[in-house]
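Please look over the sequence and structure shown here, and read the report below alongside them.

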Amino acid sequence: MPNLTINGHAVEVPPGTNLIEAARKIGVEIPHYCYHPGLSIAGQCRLCMVDIEKTPRPTIACNTPAVDGMVVLTETDRVKETRKSIMEFHLINHPLDCPVCDQAGECWLQIYYMQHGLYDPRMRDEKVHKPKAVPLGPHVMLDAERCILCSRCVRFCDEVTRTGELGIFDRGDHSEIGLFPGTELANKYSGNVVDICPVGALTDRDFRFAVRVWYLERATSICPGCARGCNIEVHVNRRRPHHNEGRRVARLKPRFNADVNRWWICDAGRYGFAFVDDKTRLLAPSRREDGAVSDATWEEAIGAVAGALRRFAPDEIGVVASPKMANEDLWALRRVLEQRGIRRVAFRVPPREPGDEDTVLIRGDKNPNSRGAELLGLDGDGAAILAAARARVVKCLWVFGHDLLQCAWDAAETDAALRAVPLLIFTGTNANATSERAHWVLPAATWVEREGTYTNFEGRVQRFRAAVEPLGQALPEWDILGRVLQALGVEVSAPRAERWFRELAGAVPVFAGLTYQSIGDGGAKLP
Amino acid sequence: MTAEKILTRNFARADSHTLKAYLETGGYTAWQKAQTLPPAEITEEVKQSNLRGLGGAGFPTGTKWSFIPKSHGGPVYLVINADEGEPGTFKDRYLLERDPHAVIEGMLIAARAIRSATGFVYVRGEYVEPYRRFATAVSEAYDAGYLGKGFDVVVHRGAGAYICGEETGLISSLEGKKGWPKLKPPFPAIKGAFGAPTIVNNVETICHVPHIIARGAAWFAALGTKTQGGTRMYSVSGRVTRPGVYEASVAITLRQLVYDLAGGVTGNGRLKAVVPGGSSAAILRGDEIDVTMDVDGLRNAGTMAGSAGVIVMDETVSIPEALMVVARFYAHESCGQCTPCRESTGWIYKMVRRIVEGRGRKDDLDTILDVARRGAGTTICAFYDGAVGPYVSYIEKFRAEFEALIPR
């Protein structure tokens with residue numbers, strides 16, 4: 001392990017660590033554009049210059065591995081002057097259109113100019129003009145004039161997705177990022193180029209001009225789009241509700257986790273949040289009687305459900321839980337099932353088309369918590385429950401989230417089951433063909449409106465936190481189930497997600513010892 | 001000071017490019033001798049000869065060869081840089097056209113020294129006739145059994161970018177990529193073409209090798225100065241009576257070259273300035289030409305030997321206009337990889353053009369000097385430093401001429 005000195009502080013790093021990462025270890029940020037820890041070294045922005053003892057002139061830190069005994073200085077006059085010059089070079093041909101640029105507020109040209117530039121502009125000639133507002137694909141827009149040609153996006157498509165759509169064309173100050181002929185930037189991870197673009201050259205077509213970034217608030221979360229459980233940040237706009245057509249969730253951004261998703265997320269996950277603010281959201285409990293739907297109070301709905309669970313014999317009740325439910329919800333459900341001795345429970349509903357998967361991040365199982373549902377013992381035979389409903393053995397069917405009419409099961413048989421069952425209860429976030437058949441609908445909060453944990457396919461338990469309030473009267477499933485449990489006569493203490501997790505960790509050996517604190521933001525792998 | 005002709009000795013023969021002519025003048029005998037020598041001894045002989053790279057950087061050739069890792073098990077490549085693109089330079093073209101077998105024989109010997117089984121010759125795209133002559137010579141060498149027995153030569157044509165003459169830009173281009181210079185380290189001798197140890201030598205440099213092996217390092221070293229052996233070919237252009245390629249010792253002075261060999265300034269005009277080593281070399285005033293043309297001599301004079309492209313300017317030449325032409329060249333040819341070079345070559349060209357067009361501002365000259373100096377030494381390759389040579393020297397040595405164009 002090389003031992004070196006940076007600005008007078010000793011630091012020990014693994015062999016091969018470059019000087020940017022070595023400096024990071026002691027809290028020193030060496031400014032850079034082209035370097036990204038997830039990509040190969042390009043060494044072309046020339047901003048990360050540092051002084052190394054016995055080296056005649058400043059050297060780029062990104063391509064310099066730490067060596068035992070090395071003495072590095074990141075703040076000499078010479079380094080500061082070099083940075084200032086490199087900042088000037090980066091901005092000579094930049095349009096300086098910050099007021100109308102979506103990146104403003106999170107742009108590394110702005111940040112580094114304030115930190116390391118602050119020169120008086122000398123460029124008074126006509127700037128080089130390049131194409132603007134060029135769609136590169138369904139999600140990404142290019143402004144070539146703002147581009148600083150750091151090549152991160154090119155390397156991402158070459159090295160991470162290995163799809164190679166992007167290149168740098170032409171030469172000198174006419175160089176520009178572009179698509180190879182006949183291609184478009186439509187790979188499954190294209191949105192990541194917007195994240196790694198340090199400037200406003202690549203912007204997100206879904207997000208651009210929606211909200212200025214300084215109005216956004218953030219919550220750490222987990223993507224619910226598949227069994228990987230990529231770590232994300234949810235960016236929401238509460239301060240300017242008239243912006244973004246009332247959509248509260250403005251965008252999802254990947255959050256680094258070395259063990260799960262590194263720096264990336266897929267486009268399906270990134271753009272998969274539209275249901276949160278969609279018109280199909282279920283906003284209040286409702287009942288359907290003789291074909292007429294009317295709103296109900298939570299008291300009425302809980303009372304009706306608890307009454308049904310009491311009225312029907314345990315063997316007459318079937319429950320189709322969901323692998324999109326959090327561990328806390330599934331544990332609360334298990335408590336309800338145990339309380340009534342209900343044995344007919346399942347959570348797997350096979351999709352019509354098998355989910356796509358790859359070797360980067362995307363898993364075929366499009367549910368965030370199948371593993372959690374397995375570990376909590378809810379893995380029964382869903383098809384058999386429906387068959388029992390069709391046979392009029394099951395008389396009360398409670399479905400969580402699924403649209404049973406849109407799955408791999410025979411739609412006619414499912415339809416027959418839903419018609420046959422005297423009482424259909426639906427709990428979910430959005431209306432679907434199944435909820436429209438339900439006699440009682442209990443609206444659930446989406447994952448950004450509550451907290452909880454998912455267990456990913458590798459057995460990693462990860463926390464997600466609330467970013468916004470539930471829409472309408474929607475409640476987290478654990479809360480709905482807790483109220484049902486209370487109506488069934490079981491005392492339930494303080495209604496918080498953490499309470500359910502603590503109870504679960506105390507009861508299910510594989511979760512033993514885990515707490516929200518110990519899971520933290522990085523997750524905890526089950527033994 | 002017209003030394004014995006070595007590289008150009010056959011140029012007078014109309015058939016000098018043929019295998020027949022080459023063999024009649026002692027061709028391939030050095031290769032026969034080299035085959036009896038251990039590889040390390042060949043490298044040592046080249047080291048002792050003080051042969052230095054003649055493409056521009058002037059790096060000692062034998063030393064470069066010795067950087068190939070001894071323990072390397074995989075392929076080693078020899079690459080000949082025939083992408084002659086430095087403005088004012090046209091010597092390699094003559095060698096490819098008039099003595100192509102000398103290139104092949106030099107490659108055979110170098111390949112033995114570095115244990116390479118494959119050589120690439122990267123020929124500038126615009127060099128159509130040199131390419132044809134050289135490709136024909138390669139076929140002749142295969143037919144005669146010099147090539148194809150442990151050493152093969154691949155001739156590759158460039159597509160016209162100046163940066164592909166930079167050795168790692170050349171390697172990128174040879175690999176089928178955009179001709180962007182590579183980050184160093186690793187250096188090509190450790191990780192070059194296709195990831196293998198690679199030696200890149202200039203055409204003229206490699207042509208010297210057979211003579212060094214045939215006649216000995218001591219003979220070659222004695223032709224030059226203490227730190228650089230041999231002769232070299234000077235491309236003389238501009239306002240001289242007899243422009244052309246001249247072979248002479250590296251110890252010749254610039255004055256001898258311009259006046260004795262090239263016949264002096266056209267029409268007996270007054271010498272205003274000389275660029276001694278291709279467009280990237282700093283310019284010398286007419287009164288600064290009593291310097292020897294070897295690498296160290298010109299370095300001490302504040303300029304460089306470079307590719308020995310000697311560009312002569314008399315009083316009819318406007319230095320600001322000359323700088324505008326040079327600045328346009330560097331703005332056009334910057335590969336665009338490193339920020340300082342990509343952005344400032346264009347900016348500086350715009351400023352120089354404005355000055356020439358009579359729209360200069362008082363602070364333009366200081367801005368150009370400051371921008372050039374700030375960018376110098378901050379980039380991956382030597383291209384930008386090559387541009388800084390003229391930017392700074394033209395303005396510093398002829399400042400009054402620029403100031404006269406700027407409106408008061």
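## A helix pair in chain B

In this predicted model, the crossing of α14(B) and α15(B) is left-handed. The axes of α14(B), residues 339-356, and α15(B), residues 364-375, come within 10 Å and cross at roughly 160 degrees; because angles over 145 degrees count as roughly antiparallel, the two helices α14(B) and α15(B) are described as roughly antiparallel to each other.

On the α14(B) side the contact includes B:Trp347, B:Ile348, B:Met351 and B:Val352, and these residues belong to a set that meets α15(B) residues, among them B:Thr367, B:Ile368, B:Val371 and B:Ala372. The residues of this contact between α14(B) and α15(B) divide into ten nonpolar, three polar and two charged.

## Where chain B touches chain A

The contact between the chains takes 25 residues from chain B and 24 residues from chain A. On the chain B side, the elements that give two or more residues are α13 (319-333), α14 and α15, with the largest share, ten residues, coming from α14(B). The chain B side divides into eight nonpolar, 13 polar and four charged residues.

## A mostly covered helix in chain A

Helix α8(A), residues 327-340, has 14 residues and reaches 20 Å from its first C-alpha to its last, close to the 20 Å expected. Eleven of these 14 residues are buried, including A:Leu330, A:Trp331, A:Leu333 and the charged-side-chain residues A:Arg334 and A:Arg335.

The buried residues of α8(A) pack against β16, β17, α9, β21, α13 and α14 of chain A, and α8(A) is followed by A:Gly341, whose phi is positive, near 70 degrees.

Conventions:
Residues numbered from 1 in each chain as written. Chains lettered and ligands numbered in written order. Predicted model: local features only at pLDDT ≥ 70, side-chain atom pairs only at ≥ 80, totals over all residues. Axes fitted to C-alpha atoms, helices over the stretch in contact; angles between N-to-C directions. Helix = DSSP H or I, 4+ residues; strand = E, 2+ residues; numbered from the N terminus. Parallel < 35°, antiparallel > 145°, perpendicular 65-115°, else oblique. Left-handed = near helix turned anticlockwise from the far one by under 90°. Contact = placed C-beta atoms within 7 Å. Expected span 1.5 Å × (residues − 1). Buried ≥ 20, exposed ≤ 12 C-beta atoms within 10 Å, placed from the backbone.
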